[in-house]
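Reader: I would like to learn how to read a model like this one. Please take me through it feature by feature.

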Amino acid sequence: MRSHLLNDLTAEHYRRSVTEGVERVAAKLATTDRPFTGVTVDALAPGIERIDLDQPLHDTTAVLDELEDVYLRDAIYFHHPRYLAHLNCPVVIPAVLGEAVLSAVNSSLDTWDQSAGGTLIERKLIDWTAARIGLGPAADGVFTSGGTQSNLQALLLAREEVKTDSLAKLRIFASEVSHFSVKKSAKLLGLSPDSVVSIPVDHDKRMQTVALAHELERSRRDGLIPMAVVATAGTTDFGSIDPLPEIAELCGRHGVWLHVDAAYGCGLLASLKYRDRIAGIDRADSVTVDYHKSFFQPVSSSAVLVREASTLRHATYHAEYLNPRRMVQERIPNQVDKSLQTTRRFDALKLWMTLRTMGADGIGELFDEVCDLAAEGWRLLAADPRFDVVVEPSLSTLVFRHIPAAVTDPAEIDRANLYARKALFASGDAVVAGTKVGGRHYLKFTLLNPETTPADIAAVLDLIAGHAEQYLGESLDRAS
Ligand SMILES: Cc1ncc(COP(=O)(O)O)c(C=O)c1O
């Protein structure tokens with residue numbers, strides 16, 4: 001069994017195994033002609049159930065053959081130009097190379113004595129990101145597992161910065177289309193069930209600052225304590241960007257922590273054309289960035305950044321076995337002092353390899369391309385009488401629904417759109433997402449693949465219309 005341990009004696013085995021795996025994936029990527037096979041749970045589950053985990057195959061080739069059946073054949077392929085569903089980007093090759101290196105070396109970024117150079121690389125990337133945001137000389141941050149964790153940590157710091165014994169009085173203000181992790185964080189932080197005040201959005205799905213001002217004042221009047229405002233720079237559904245300068249102004253006036261959730265919109269930090277869309281982000285107290293959404297990085301790659309490094313102390317615990325307090329005096333950089341995690345992947349390496357190979361402009365160029373594609377998609381949808389499209393994109397999502405010519409019943413239109421999404425998924429021809437707007441079912445394209453063309457968008461719209469019309473036709477047959 002020792003032949004499976006990666007070490008000086010097994011370097012050749014490692015090279016062969018990994019190369020074989022890479023060859024399989026490369027062949028798969030080269031020949032996958034649809035984002036999904038359309039396999040059902042019922043069809044896939046028995047093959048996985050049948051496998052006896054106590055009966056190993058011992059042989060890499062056999063394991064990869066089996067993997068083909070239980071995973072590779074039917075996986076959802078984000079690199080395919082007709083995968084248009086969630087906030088999953090195709091990944092860049094330098095980052096995948098980074099992934100291979102980091103898992104083989106297997107550094108853990110909690111302490112210097114488990115990572116050495118990895119710690120310094122992560123710190124440099126945090127400084128780089130903070131400088132791109134414009135957070136100032138005292139900024140700091142740490143890599144996290146994703147936007148959910150980044151939002152949680154930012155709100156933990158905000159909570160700890162408020163001096164109160166009464167958690168029940170704390171209030172967080174976020175737009176009605178902010179990410180659900182804000183509410184989840186509030187729960188995890190022990191705040192009351194009504195602690196997240198939902199601020200209405202305008203026609204473009206941006207937080208209404210007049211309503212925010214009103215709610216901030218009302219909270220104070222009611223003896224409540226505004227703990228944080230969460231502005232979203234790129235909402236999950238609409239890609240809308242809250243008016244950051246006005247929100248920062250209000251936060252300054254009320255002395256409230258401003259967290260900017262730029263999990264999605266962070267791609268604009270590298271943009272060559274649209275950086276001004278997140279003007280005002282430099283006034284945040286904390287920022288969430290998800291490199292795995294808009295920097296073309298493999299999952300996971302995310303960070304939370306703060307304006308004042310000292311606020312990260314709220315996440316610090318000193319354990320004698322790991323990061324004793326004396327190490328701070330000895331100036332030993334232990335990233336666990338800033339993190340909610342202990343053992344932690346060296347995800348920063350992927351971004352490092354990306355920036356050292358392509359440069360930030362390379363990432364920005366790709367992100368600009370998908371923003372341009374979304375603008376083109378919006379023009380297509382707006383000109384197509386078969387569809388209703390919700391907002392002109394600020395980033396790269398499109399929320400729309402099929403409006404059949406002869407149908408006026410909103411519930412029937414809902415059913416037709418739900419059916420179209422399901423049927424499309426089952427066909428594997430394309431994958432799209434869905435959401436609700438004003439209580440009605442809509443469909444969503446999240447465009448993160450620069451290889452997707454306007455022709456792909458037009459073709460998928462035709463497929464959707466075809467499925468919806470088929471549903472309505474069958475529904476008429478059923479009724480008659
Ligand atoms: C605006 C926003 N914030 C936070 C998150 C959560 O990020 P993650 O899925 O990386 O935890 C998402 C995910 O879609 C998001 O869109």
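Reader: Which helix holds lysine 293?

Author: Helices (H or I, at least four residues) and strands (E, at least two) are DSSP runs, numbered from the N terminus. Lysine 293 lies in helix α10, residues 291–294. This is a predicted model: local features need pLDDT of at least 70, side-chain atom pairs count only at pLDDT 80 or more, and totals for chains, interfaces and linings use all residues. Residues are numbered from 1 along each chain as its sequence is written.

Reader: Is lysine 293 buried or exposed?

Author: Count C-beta atoms, placed from the backbone: 20 or more others within 10 Å means buried, 12 or fewer exposed, and in between partly exposed. Lysine 293 is buried because it has 28 C-beta neighbours inside 10 Å.

Reader: What does lysine 293 touch beyond four places in sequence?

Author: Contact means C-beta atoms, placed from the backbone, within 7 Å. Lysine 293 touches Leu87, Cys89, Ala263 and Tyr264.

Reader: Which UniProt annotation covers Lys293?

Author: UniProt positions follow the numbering used here, feature names are shortened, and annotations may be inferred rather than shown by experiment. The unreviewed entry gives "modified residue: N6-(pyridoxal phosphate)lysine" for Lys293.

Reader: Which residues come nearest to the ligand?

Author: A residue is near a molecule if its C-beta atom, placed from the backbone, lies within 6 Å of it. Of the 16 residues around the ligand, Gly146, Gly147, Thr148, Thr236 and Ala263 come nearest. Helix α6 (residues 147–161) gives the largest share of the shell, three residues.

Reader: How do the shell residues divide by type?

Author: Ala, Val, Leu, Ile, Met, Phe, Trp, Tyr, Cys and Pro count as nonpolar; Asp, Glu, Lys and Arg as charged; the others, Gly among them, as polar. The shell has three nonpolar, 11 polar and two charged residues.

Reader: Which strands pair with β3?

Author: Two strands pair if DSSP finds at least two bridges between them. β3 (residues 170–175) has six of its six residues buried. β3 and β5 (residues 225–232) pair in the parallel sense over five bridges. Four bridges join β3 to β4 (residues 196–199), also parallel. Alanine 174 has serine 198 as its bridge partner in β4.

Reader: Where is serine 3, and is serine 3 buried or exposed?

Author: Serine 3 sits in the segment before α1 (11–31). Serine 3 is exposed because 7 other C-beta atoms lie within 10 Å. Leaving aside neighbours within four places in sequence, serine 3 contacts Thr10 and His13.

Terms used. Contact = placed C-beta atoms within 7 Å.
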